[in-house]
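Dear colleague,

I am passing on the structure below, and after it I set out what was found when it was examined. Please read the notes alongside the coordinates.

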Amino acid sequence: MTEARNVSAAQTDAVAQTDAVQPALSVRHLTKTYPHADRPVLNDVSFDVPKGKVLVVLGPSGSGKSTLLRAIAGLEPIQSGTIALRGEVIDEGKPGRLTGRSKRASALRTRIGMVFQSYDLFPNKTVLGNITMAPTLVLKRKPAEAREEAMQLLERVHLADRANAWPHELSGGQRQRVAICRALIEHPEVLLLDEITAALDPEMVREVLDVVLELADNGQTMVLVTHEMRFAEAIADRVLLLEDGAIVDSSDDPEGFFTNPQSERAKQFLGSFEYKRHEATA
């Protein structure tokens, strides 16, 4: 019995050590091209995200940020490179396939969750119905079990009293928090957030970002695309700057990146968020 316990403990330690060494998400030499495009929208992109860390992806419009998240989520096929979770390759580039979705199985898709800026809630389902649909239909979980966890998640984002409301009855900030719950109920290893405050009024932004900060504090691995620079500085463990589909700067020191950027491109990009009023001349 003692030997069995020792073997079990050793196996547990080995798994823990493997998780500590293997990044939660690893992207290697990812290239994405659209039909008839004169250049790739993503060009040889490589990075790692350790478990429990937050990667913030920045860049000008058209730099490939949203496409990168969609490719990681399996919503876009890739032409070369690999995407791996904890060392397991879940997607590999296929040069001849330019359109459609990745061919991942449903079991692989649920390991990565994604929240879009447009919420994408089903209008014909209640808040509770939106959250419980995937776990019951795709993951085959018991409805009662899914409802119980959905209510726990809604309580966590202060929306338990809106469980039976319809999406059109919610504010933008409330709908986005429901979308976050819908992603979290699948227990994703990595959560992708694509400009989740872009469609919100300024007063609603904080209620959504507070939820994301709490997720980061609780160790949720995330990749986040945002134009909220102060929020990015507050939540990032690592920063990537994309331009024309390629990484032009990266930093494991977010505070230094935002307060004292080293590359000229980073200085230019961050400077575009600063405004000074010119004094009128007599």
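The largest nonpolar core has 49 residues, and the members that touch the most others in it are L58, I180, M222 and I235; such a core is a set of buried Ala, Val, Leu, Ile, Met, Phe, Trp, Tyr and Cys residues joined through side-chain atoms within 4.5 Å, where buried means under 20% relative accessible area, exposed over 50% and partly exposed in between (1.4 Å probe, protein chains only). Helix α7 (residues 202–217) gives the largest share of this core, seven residues. Apart from this core lies another, of 29 residues, which includes L68, A73, L85 and I90.

This is a predicted model, in which local features need pLDDT of at least 70 and side-chain atom pairs count only at pLDDT 80 or more, while totals for chains, interfaces and linings use all residues. Residues are numbered from 1 along each chain as its sequence is written, and side-chain values use heavy atoms, with hydrogens and water left out.

To return to M222, its contacts (heavy atoms within 4.5 Å), not counting residues up to four places away in sequence, are V49, K53, V54, L55, L191, L193, V212, L215, A216 and I235.

As for the chain overall, it has 10 helices and 10 strands, which are DSSP runs numbered from the N terminus (helices H or I, at least four residues; strands E, at least two). Buried residues make up 46% of its 282 residues, and of the contacts with a separation of 6 or more, 65% are between residues 24 or more positions apart. Along its principal axes, the C-alpha trace spans about 85 × 45 × 45 Å.

Helix α2 (residues 65–73) is largely enclosed by the rest of the structure, because seven of its nine residues are buried, namely K65, T67, L68, L69, A71, I72 and A73. Just after α2, G74 takes a positive phi of about 90°.

Finally, R97 is located in the loop between β5 (88–92) and α3 (106–109), and with a relative accessible area of 24% this residue is partly exposed. Leaving aside neighbours within four places in sequence, R97 is in contact with P77, Q79, S102 and K103. The C-alpha atoms of R97 and E76, which are 21 residues apart along the chain, are separated by 9.9 Å.

With best regards
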